[in-house]
Amino acid sequence: MSTDTDVSLSSYDEDQGSKLIRKAKEALFVPVGIAGFAALVTYGLHTLKSRGNTQMSLHLIHMCVAAQGFVVGTTTVGKGCSVCWEFWAKPKT
């Protein structure tokens with residue numbers, strides 16, 4: 001039986017804070033997505049009182065969709081920028 005494995009378990013040893021910092025360094029749009037999500041959730045909770053005669057469930061669904069849409073949009077823009085930087089901004093050898 002061979003015990004020669006190249007699997008690194010360092011990613012399993014990370015706590016949540018160090019994993020978030022590592023992801024933020026790898027993809028710069030991760031903190032922007034998290035901040036936007038938090039801002040939209042805060043705004044949604046703030047406007048919960050003044051929602052008029054709209055049902056609470058409908059208001060919460062709209063806020064959830066807006067927050068998720070912001071995160072998906074930010075991730076898409078970030079991935080598009082990284083593709084541009086990787087393929088087109090590389091010096092040609």
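Colleagues, a word on conventions. Residues are numbered from 1 along each chain as its sequence is written, and side-chain values use heavy atoms, with hydrogens and water left out. As the model is predicted, local features need pLDDT of at least 70 and side-chain atom pairs count only at pLDDT 80 or more, while totals for chains, interfaces and linings use all residues.

I begin with the fold. The chain holds three helices and zero strands, where helices (H or I, at least four residues) and strands (E, at least two) are DSSP runs numbered from the N terminus. The order of elements from the N terminus is α-α-α. Of the 93 residues, 11% count as buried; buried means under 20% relative accessible area, exposed over 50%, and partly exposed in between (1.4 Å probe, protein chains only).

I turn now to helix α2, residues 29-46, where Phe37 has its place. Phe37 counts as partly exposed because its relative accessibility is 38%.

Next, the largest pocket. It holds about 310 Å³ of space. A pocket here is an open set of points on a 1 Å grid over the protein atoms alone, where a 1.4 Å probe fits, with protein on both sides within 12 Å along at least five of seven lines; lining residues have an atom within 4 Å of a point. The volume is the space filled by probe spheres set on the points, which are joined across faces, edges and corners.

Which residues lie nearest the centre of this pocket? They are Ala27, Phe29, Val30, Gly78 and Lys79, out of 14 lining residues. Helices α2 and α3 (56-87) each supply at least two residues of the lining, and α3 gives the largest share, seven residues.
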